[in-house]
Amino acid sequence: MPGLVTTQQNSMETACAIALGSNLGDSEQTIEAALAQLDRGGMRLRRRSQLYKTAPVGPPQPDYINASAVFHTTLRPDQVLQLLLVTEASFGRIRRERWGPRTLDLDLLFYGDQIIDTPRLILPHPRMHERAFVLVPLSEIAADWRHPVRQRTVKELLGQVDTAGVYPLVA
């Protein structure tokens, strides 16, 4: 699953996993539109989870709608991060307070099996293994993806967190 894959055009693509979240505005529509925008922005959507309703972490705020997606891309990790930040901004994301409410939150969870630790980007995502709202949707589409630092699959990491408060969204 993670790593490089060869496309028909003989260019190298890397699988990357993204977490999506929103709790301001029409969150369901925002996540669907963000997936479509990323799919047109240099990444190809391969799999996506269903939507989940989750309790917020941080200050008092509305519940979140969360999802995960796996894309294939020829972009470098720093370019994927920049695309995610630009996409967040295009949906009105304003960073006011840590863990505060947001129109759209996009986190790069994995980029192949790369380990990166720079001031701008840490991969794999440094707190994903603690967060049911990330692991539940990710396990739906990438349960066997191995965390290159923790040496556990997403499914194994999910078994180590409390999943109370994460529910499939029923339309």
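## Strand β2 and its partners

In strand β5, Ile65 is the bridge partner of Ser22. Strands here are DSSP runs of E of at least two residues, and helices are runs of H or I of at least four, numbered from the N terminus. Strand β2 (residues 12–22) and β5 (residues 64–73) pair in the antiparallel sense over nine bridges; pairing requires at least two DSSP bridges between the strands.

On strand β6 (residues 105–111), β2 has another antiparallel partner, joined to it by six bridges. Within β6, Asp107 stands opposite Ala19. Because 10 of its 11 residues are buried, β2 is largely enclosed by the rest of the structure (buried: under 20% relative accessible area with a 1.4 Å probe, protein chains only).

## Basis and confidence

This is a predicted model, in which local features need pLDDT of at least 70 and side-chain atom pairs count only at pLDDT 80 or more, while totals for chains, interfaces and linings use all residues. Residues are numbered from 1 along each chain as its sequence is written, and side-chain values use heavy atoms, without hydrogens and water.

The mean pLDDT (the predictor's confidence in each residue, from 0 to 100) is 91 for the protein, with 89% of residues at 70 or more. Confidence is highest in helix α4 (residues 154–158), at a mean of 98, and lowest in strand β1 (residues 4–6), at 45. Over residues 4–10 the pLDDT is below 50, and this stretch has 11 contacts in the model beyond near neighbours in sequence (contact: heavy atoms within 4.5 Å). Where pLDDT is low, the predicted coordinates should not be read in detail.

Terms used:
Buried means under 20% relative accessible area, exposed over 50%, partly exposed in between (1.4 Å probe, protein chains only).
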